[in-house]
Amino acid sequence: MRAAPVLTAFVVLCTALLGALHPVEAQGSPELAGGWIVASWISADGEVNAEPQRGLFLFTASGNYSMMYVTGDEPRAASAGEEMTDQETLAAYRSF
């Protein structure tokens, strides 16, 4: 009777190892590949923002992507001088 749990553990381990040998590949879309500038935004509840802050979405045909956008409706904080203080830097990047 001890053989059943050991055999089960062995089968689970082999299945996990075999699954790790097969790399997962992203599925890209040639129609979506490229750089996209955010021109409008529709929230999950259907609210439309026709003039959002700047944003850029990049998609590759292989399925990789990168997104950078400002989440708020107000412009990001600007620096008072040439060098930003730590507080100004934090305020500017909190909106991302």
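Of the 96 residues in the protein chain of this predicted model, 8% are buried, where buried denotes a relative accessible area under 20%, exposed one over 50% and partly exposed a value in between, with a 1.4 Å probe and protein chains only. The chain exposes about 8400 Å², of which carbon and sulfur atoms supply 61%; accessible areas were computed by the Shrake-Rupley method with a 1.4 Å probe. Among contacts (heavy atoms within 4.5 Å) with a separation of 6 or more, residues 24 or more positions apart account for 29%.

The protein chain contains two helices and five strands, in the order α-β-β-β-β-β-α from the N terminus. Helices (H or I, at least four residues) and strands (E, at least two) are DSSP runs, numbered from the N terminus.

Three of the strands form an open antiparallel sheet with the order E1-E4-E5, pairing being assigned if DSSP finds at least two bridges between two strands. Strand E1 (34–37) and strand E5 (65–69) are the edge strands, each pairing on one side only. Direction ignored, neighbouring strands of this sheet are turned by 10° against each other on average; axes are lines fitted to C-alpha atoms, and angles run from 0 to 180 degrees between N-to-C directions. Strand E4 (residues 55–59) pairs with E5 in the antiparallel sense over five bridges. Phe59 has Tyr65 in E5 as its bridge partner.

Residues are numbered from 1 along each chain as its sequence is written, and side-chain values use heavy atoms, with hydrogens and water left out. Local features need pLDDT of at least 70 and side-chain atom pairs count only at pLDDT 80 or more, while totals for chains, interfaces and linings use all residues.
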